[in-house]
Amino acid sequence: MTKVSKTLIFSAAFAVIATSAFSEAAWDLKAGMAYVYGGPGKMSAMAMAPAEKNHESMMKNAKKVPADTVFFMDNGTLYSTSGRLDPTGNFYVN
């Protein structure tokens, strides 16, 4: 996975984790926006340039995030794993 695609995926997850831990509300990720995780405490969101060349460049190495991917922080590092959380926050491997 490229640095850009990792950054976009993990930053979106971190934004949600940082603002509403274990919330049942849906993530509000919007088309045309980039969510960037730059390390502990460094989050940003910005509108992407609408040019087709820009989109093609990002999609070239982009990877879909599989269903039941859990993002979490540990010692200031963002991680992801496959599984799910029950309503009480207990983790289960699928």
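Guide: A residue is called buried under 20% relative accessible area, exposed over 50% and partly exposed in between, with a 1.4 Å probe and protein chains only. By that scale proline 50 is exposed, because its relative accessibility is 83%. The model is predicted, so local features need pLDDT of at least 70 and side-chain atom pairs pLDDT 80 or more, while totals for chains, interfaces and linings use all residues. Residues are numbered from 1 along each chain as its sequence is written, and side-chain values use heavy atoms, without hydrogens and water.

Proline 50 belongs to the loop that joins strand 2 to helix 2, the latter covering residues 52-59. Helices (H or I, at least four residues) and strands (E, at least two) are DSSP runs numbered from the N terminus. The C-alpha atom of proline 50 is 9.9 Å from that of methionine 33, although 17 residues separate the two along the chain. Methionine 33 opens strand 1, which spans residues 33-37.

Strand 1 is antiparallel to strand 2, residues 43-47, and five bridges link them; DSSP must find at least two bridges for two strands to count as paired. Within this pairing, valine 36 faces serine 44 of strand 2. Five residues lie between the strands of this hairpin, and glycine 39 there has a positive phi near 115 degrees.

Of the 94 residues in the chain, 18% are buried.

The partners are phenylalanine 72 and tyrosine 79, which are stacked, with 5.6 Å from centre to centre and 20 degrees between the planes. Rings of Phe, Tyr and Trp (its six-membered ring) pair when their centres lie within 6.5 Å; planes under 30 degrees apart are stacked, over 60 edge-to-face, and the rest tilted. Phenylalanine 72 counts as partly exposed because its relative accessibility is 33%. Tyrosine 79 is likewise partly exposed, at 38%.

Towards the end of the chain, valine 93 follows strand 6, which covers residues 91-92. With a relative accessible area of 66%, valine 93 is exposed, as is proline 50 in its loop.
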